[in-house]
Amino acid sequence: SVADAVNYLHSETELAATFDGFRRNLAAGGVVVFDVDTLGTFRRLYSSLMVVPAGDRTVVFEGRNTEAIDEGALGEAWIDRLERAEPPWWTRVRTVHRQRHHPRAALERALGAAALAGVAVWGTDGAGELEQPLDELRHAKAVYIAQHAAPAREGR
């Protein structure tokens, strides 16, 4: 479960329910891998304005928070796709994204509530290189591996 899916869950109840669903779909000993945006990403990205022009199309990312966003807070961003229509007009399609920063302790509580054992946590700068220990302010994403630790049942 990658690319911010877990950040779209807004409460520990939703986290636990999602992780419980992961566990129900894993065999004993099976693993799940997921990533979340770090606090550093929320502070940089959700307070930024990025414009990416590409010919007759432009994408605008507008973070609606400030750099002072707190740990565990909800971030909001608007993503506008602007496309040239009949000159001089343009059309706009806006999507609104609300994501929560989940501190490590909250993720570990939700994993425990779902009977999943945390195996490892890495940080990544976004280029794919995994590093330990996770640094919430330096790394762009945190990558978690959790395991269904229940004993295997006969016939399964």
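User: What links the side chains of Asp80 and Arg94?
Analyst: A salt bridge, at 2.7 Å from N to O. The two residues come from distant parts of the chain, with Asp80 in strand E4 (residues 74-84) and Arg94 in strand E5 (residues 90-100), 14 residues apart. A salt bridge here is a side-chain nitrogen of Lys or Arg within 4 Å of a carboxyl oxygen of Asp or Glu. Strands (E, at least two residues) and helices (H or I, at least four) are DSSP runs, numbered from the N terminus.

User: Before I go on, what are the ground rules for the model?
Analyst: It is a predicted model, in which local features need pLDDT of at least 70 and side-chain atom pairs count only at pLDDT 80 or more, while totals for chains, interfaces and linings use all residues. Residues are numbered from 1 along each chain as its sequence is written, and side-chain values use heavy atoms, with hydrogens and water left out.

User: Back to that pair. Is Asp80 buried or exposed?
Analyst: Asp80 is buried, at 7% relative accessible area. Arg94 is partly exposed, at 34%. Buried means under 20% relative accessible area, exposed means over 50%, and partly exposed is in between (1.4 Å probe, protein chains only).

User: How many salt bridges in total?
Analyst: The structure holds 13. One of them pairs Lys141 with Asp37, whose closest N and O atoms are 2.6 Å apart. That pair also links distant parts of the chain: Lys141 is in strand E8 (residues 141-148) and Asp37 in strand E1 (residues 31-37), 104 residues apart. Asp37 is buried, at 5% relative accessible area.

User: Where do Arg104 and Glu108 lie?
Analyst: Both are in helix H3 (residues 104-113), 4 residues apart, about one turn of the helix. Arg104 is partly exposed at 38% relative accessibility, and Glu108 is partly exposed at 41%.

User: Switching to aromatics. How many pairs?
Analyst: There are 5 aromatic pairs. In one, the ring centres of Phe19 and Phe22 are 5.9 Å apart with the planes at 35°, so that pair is tilted. Rings of Phe, Tyr and Trp (its six-membered ring) pair if their centres lie within 6.5 Å; planes under 30 degrees apart count as stacked, over 60 as edge-to-face and the rest as tilted.

User: How are Phe19 and Phe22 placed in helix H1?
Analyst: They are 3 residues apart in H1 (residues 12-24), about one helical turn. Phe19 is buried, at 0% relative accessibility.

User: And what about Tyr46 and Phe61?
Analyst: Their centres are 6.3 Å apart and the planes are at 75°, so the pair is edge-to-face. Tyr46 sits in the loop between helix H2 (39-45) and strand E2 (49-54), while Phe61 is in strand E3 (residues 57-63), 15 residues apart. Tyr46 is buried at 3%, and Phe61 is buried at 14%.

User: Which rings link into a cluster?
Analyst: Phe19, Phe22, Phe34 and Tyr144, through ring pairs.

User: Last topic, the sheet. What is the strand order?
Analyst: E2-E3-E4-E5, an open sheet of 4 strands with antiparallel pairing. The edge strands are E2 and E5, each pairing on one side only. Two strands pair if DSSP finds at least two bridges between them.

User: How many bridges join E2 to E3?
Analyst: There are 6, and the two strands run antiparallel. Val51 stands opposite Val60 in E3.
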